[in-house]
Amino acid sequence: MVITRSHKVASVLVKAFTNHKVQKTYLAFCIGSAPKSERITIKSGHGRSKFGAWRVYAAGDVGRKLPGGSIVRDMETTFEVLSINGQQNYKEQSECMKDEEHSIVVEQKAVTDVDANKDEILVRAFPRSGRTHQIRLHCQYLGFPIRGDVKYEGVYEWKGRTYDAHELHAESLTFQHPVTGFPLLIQAPLPLWASQALQLLTD
């Protein structure tokens with residue numbers, strides 16, 4: 001959350017968010033099938049089902065009018081896999097940026113494999129749009145819902161513990177300062193689950 005004391009500055013920031021000039025990163029602790037790629041970009045549609053719940057639509061549905069009167073909008077997220085089962089299997093973030101990423105364009109509803117292995121997966125998400133529940137929906141679609149996110153098929157109980165909240169953390173915002181124009185990075189303090197997961201990667 002960014003709060004300003006000036007209406008003029010607020011309008012500049014609103015424009016920056018609207019024009020996708022603000023880079024946001026999130027951390028999520030997921031339980032599901034480990035992806036085979038170190039970076040994944042998923043593109044889809046986003047809208048409400050006939051029952052009122054947010055859901056992933058096919059990319060080809062973008063612009064289609066839904067029964068409730070709303071329009072399917074585009075939704076895009078890039079995921080970087082930081083660890084699988086506590087092991088840093090992939091490259092550092094700077095190295096990952098150089099590699100080709102696996103792109104997924106949603107064409108149909110996802111099919112959940114109930115017999116698939118359940119891995120612990122720590123990901124960093126880079127949403128390129130700002131749709132409601134975007135990261136949660138895309139994690140669900142990719143087969144690794146966020147731990148504690150029971151609304152989107154995340155586990156409530158894991159290894160003898162229960163999780164009353166989904167483990168998704170707004171990590172950082174990067175944008176140009178609205179007055180000076182200098183690049184500005186704002187980072188939020190890590191919650192306990194995130195600091196513990198990242199600590200395993202540095203031990």
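Mentor: Buried means under 20% relative accessible area, exposed means over 50%, and partly exposed lies in between (1.4 Å probe, protein chains only). This is a predicted model, where local features need pLDDT of at least 70, side-chain atom pairs count only at pLDDT 80 or more, and totals for chains, interfaces and linings use all residues. Residues are numbered from 1 along each chain as its sequence is written, and side-chain values use heavy atoms, with hydrogens and water left out.

Trainee: Why is Thr 41 called buried?

Mentor: Its relative accessibility is 1%. The limit for buried is under 20%. So Thr 41 counts as buried.

Trainee: Where is Thr 41 found, and what is it in contact with?

Mentor: Thr 41 is in strand β2. Helices (H or I, at least four residues) and strands (E, at least two) are DSSP runs, numbered from the N terminus. Contact means heavy atoms within 4.5 Å. Leaving aside neighbours within four places in sequence, the contacts of Thr 41 include Glu 76, His 102 and Arg 128.

Trainee: What makes Arg 128 and Glu 76 a salt bridge?

Mentor: The rule asks for a side-chain nitrogen of Lys or Arg within 4 Å of a carboxyl oxygen of Asp or Glu. Here the N to O distance is 3.0 Å. So the pair qualifies as a salt bridge. The pair links distant parts of the chain, 52 residues apart. Arg 128 is in the loop between β6 (119–127) and α3 (134–142), while Glu 76 is in strand β4 (residues 73–84).

Trainee: Is Arg 128 buried or partly exposed?

Mentor: Arg 128 has 40% relative accessibility, so it counts as partly exposed.

Trainee: How do you know that Glu 167 and Arg 147 form a salt bridge?

Mentor: Their closest N and O atoms are 2.7 Å apart. That meets the rule of within 4 Å. Glu 167 is buried, because its relative accessible area is 7%. Arg 147 is buried too, because its value is 8%.

Trainee: How many salt bridges are there by this rule?

Mentor: The count is seven. Another one of them joins Asp 61 and Arg 64, at 3.4 Å, N to O.

Trainee: What makes a set of residues a nonpolar core?

Mentor: The set must be buried Ala, Val, Leu, Ile, Met, Phe, Trp, Tyr and Cys residues, joined through side-chain atoms within 4.5 Å. The largest such core has 20 residues. Among those with the most contacts inside it are Cys 30, Phe 79 and Val 123. β1 (23–32), β2 (39–48), β4, β6 and α3 each supply at least two residues of this core. Apart from it lies another core of 11 residues, among them Leu 27, Phe 29, Trp 158 and Leu 201.

Trainee: Why do such side chains gather?

Mentor: In soluble globular proteins, nonpolar side chains tend to be buried together.

Trainee: What is worth noting about the phi of Asn 85?

Mentor: Asn 85 has a positive phi of about 55 degrees, although it is not a glycine. Asn 85 lies in the loop between β4 and α2 (93–96). At 41% relative accessibility, Asn 85 counts as partly exposed.

Trainee: Which other residue has a positive phi although it is not a glycine?

Mentor: His 133 has one, of about 60 degrees. His 133 is in the loop between β6 and α3. Its relative accessibility is 27%, so His 133 counts as partly exposed.
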